[in-house]
Structure formats: structure tokens, C-alpha cells
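These are my notes from one sitting with a single model. I set down each item as I looked it up.

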Amino acid sequence: MVRATFRRWSPTITLLTCHRAAFLGFSRASSLLQGICRLGITLVLANIIELAFEYKYLMQRLGARVYARGDLETYARVELIMDRWTLHWLEASGSLDEYRAEVIGEFDTACKTVSRLLTPPRLDVLIQRVPGETIPELGLMGRAYRSTLFSMTLDPDNPNWLPSLRSGALHRQIVHEVHHCLRMAGPGYGWTLGEALVSEGLAGQFVRHLLGSDPEPWENAVSNADLLCNPVDLQALESGYYNHSEWFFGSGAHPKWLGYTLGYQMVGRWLASVGDIDGATWINVPAADIIASALEEGIVVLKP
């Protein structure tokens, strides 16, 4: 059974639906639903697949979004995720209907992944289709705005989009952005270069810890030998005036993705030194602790 909740009415009308189903006539549905609205009881509708015109009309009158037959299971999964995460589909720049069910499935799986370690936070998620505005190697890009909001931009025109959707890359990016939101609710993403490195490194290692995945390309863009041969000055990490694009995307003198790789390695070395940590530490560890560890490891130095 899957749970679907129609939220515009008070009391809440809850539908528990099975995968296979039969037609429920208009007169019966009307009387039952009117009774629900008056008494605030739960209606169980078993086996709904063939939705008659009158039934659709009735549900629309109740303020519920009604999907075509093939989308019923997708709709139920949306509402299941909405217990913790509300997905907002922005469609003015392009439709994602063709991929909606698969994308929802990845969010559902990611929510369950996070729940293995801690309670998933309540989040709003903006999902949009914007050609050319994603990581070219993936055809998607996440961005956390605050503790309760992140976006996932998708580009189905990118040839890497479908492999990313179906190989787990979208799943991993969702978990990555959820960690950002969790940290924003605690110590914050950070204002200095060092704090940003730690936040990105923690999010990447959080994904690895939960999924056992390899580093992403941007987390393995510079070799460990090069990091040790070119350690970063501690004073640079303590500066709030740094060029994020230059450090993380290679728009200036630094190699592409240096910031992501450096942060991933800093956190990885700290984790190796402290052993197993609990969910709260994964989110709230002070950046200073990880930077101090990087000083000991020699990938950060205090230059005269």
C-alpha cells in the first residue's frame, strides 16, 4: 500500500491505494467523499486504476491533482516523499514529464538512504529543466540555498543526462545537497575558503559513507601527490575574500575542481584519524577541526 494525501482540505483526506484497481462510480464516490469532509474520517479506496470522467471531475472539485492512469503510482510516490520533501516542478523553461517517474524514484531512494543515518530534514526541492546550465559531464546540477531549500537542474538534451539518471549519479547528488542543507541548519556552509572546502568535502564523504561510492570526477581531479607538493597556505583558508569559481571550477590560476578535491581529501584524512562518527558529527563538526587535521597531514601549511 502507498499513502497519498490531499492537502487542500481540512480535515485531510487520505487515500490508501493498491497497485491494481477497478472503477468506483460517481454517486458512491461523491457521497463517501462528502461524508469524509464532514466527519474527518479516513477513506480506503482499494484497486483504483480506471478513473471515470466523473470521478476525475469530483476529485478536481476537491482541489486534488488528478493524474492519468499511468501516473497514479508516480503520484502516490510523490506524496510518500512529501512526508519529508516537497518536490516543486518548474516547467516554464521546459517539461520533464517524460522523466518525472524516474526522477521521483531517485528522490525516494535518496530519502531512504539518508534515513539510514539520521532523520531526513523537511525540505522544499525545486526541479527544473534548463539546457546548458548543468555540469556538462552529468547533465544535472544541484544547488543548496538554505537549510530548507535546494534545487536540482536537469538537462535532458545533454547526452550524459540519461546515464546520470540511471547509473545513480542523480541519487548521489541529491544526498550531497541534502547534506549541505543539514549543515546550513547547524554551523552553516561557511564564509571562508576553508569552511567552504570542509562543507564540500563533508558532503562528498557523506555520500561515499552512505553509498560506498567512488569519488566523483571533481573529487578526484588532482592527485594526492600534487596536493602534497603544493600545499595550501592556512592564511588563504582563513580568508573570507576568495574567488569561489576560481578555487572550485578552475576559472583562474587553479586547476579545475581543485577545491572539491582538496576538501574531499581534507575530510577523508580527518575521518581516517577519528574513526567512526555519528550522524550529528557528520553534520556539525567544526571546520577548524578538519583544517587542523589537514595541517598535520601536510596538505595545508602555515607559510611565513
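I began with helix H11, which is mostly covered, as 13 of its 17 residues are buried. I then checked its length: at 1.5 Å a residue, the 17 residues of H11 should span 24 Å, and the end C-alpha atoms are 24 Å apart, so the two agree. Just after H11, I noted that glycine 275 takes a positive phi of about 80°.

**Entry: confidence.** The model is predicted, and I therefore looked up its confidence before going further. The chain has a mean pLDDT of 81, with 73% of its residues at 70 or more. Over residues 1–70 the pLDDT is below 50, yet this stretch has 107 contacts in the model beyond near neighbours in sequence. Where pLDDT is low, the predicted coordinates should not be read in detail.

**Entry: the chain as a whole.** I found 13 helices and nine strands. Of the 304 residues, 49% count as buried. The chain exposes about 14,900 Å², of which carbon and sulfur atoms supply 52%. I also looked at contacts between residues at least 6 apart in sequence, and 72% of these join residues at least 24 apart.

**Entry: tryptophan 257.** I returned to the loop between helix H10 (244–249) and helix H11 (258–274), where tryptophan 257 lies. Tryptophan 257 has a positive phi of about 70° although it is not a glycine. Most residues other than glycine have a negative phi. Is tryptophan 257 buried or exposed? Its relative accessibility is 12%, and because the cut-off for buried is under 20%, tryptophan 257 counts as buried.

Entry: Helix H4 covers residues 100–115 and reaches 23 Å from its first C-alpha to its last, close to the 22 Å expected for its 16 residues at 1.5 Å each. Among the buried residues of H4 I listed Val103, Ile104, Phe107, Ala110, Cys111 and Val114, and also Arg100, Glu106 and Asp108. An α-helix has 3.6 residues a turn, so residues three or four places apart point the same way. H6 is also mostly covered, with 15 of its 16 residues buried. The 16 residues of H6 should span 22 Å at 1.5 Å a residue, and its end C-alpha atoms are 23 Å apart, which agrees.

**Entry: the nonpolar core.** The largest nonpolar core has 66 residues, and those touching the most other members are Val103, Phe107, Ile127, Phe150, Leu154, Ile174 and Met266. H7 gives the most to this core, with eight residues. In soluble globular proteins, nonpolar side chains tend to be buried together.

**Entry: threonine 192.** Threonine 192 sits in the loop between helix H6 (169–184) and helix H7 (193–211). At 18% relative accessibility, threonine 192 falls under the 20% cut-off and so counts as buried. Which residues is it in contact with, its neighbours within four places in sequence left aside? I found Leu237, Glu238, Ser239, Gly240 and Tyr242. Threonine 192 and histidine 244 are 52 residues apart in sequence, and their C-alpha atoms are 9.8 Å apart in space.

**Entry: cysteines.** I looked for pairs of cysteine sulfur atoms within 2.5 Å, and the count of disulfides came to zero. Cysteine 181, at 0% relative accessibility, counts as buried, whereas cysteine 229, at 60%, counts as exposed.

How values were computed:
Residues numbered from 1 in each chain as written. Heavy atoms only, no water. Buried < 20%, exposed > 50% of the residue type's maximum accessible area, 1.4 Å probe, protein only. Helix = DSSP H or I, 4+ residues; strand = E, 2+ residues; numbered from the N terminus. Contact = heavy atoms within 4.5 Å. Expected span 1.5 Å × (residues − 1). Areas by Shrake-Rupley, 256 points an atom, 1.4 Å probe, with all protein chains shown as cover. Core = buried A, V, L, I, M, F, W, Y, C linked by side-chain atoms within 4.5 Å. pLDDT = per-residue confidence, 0-100.
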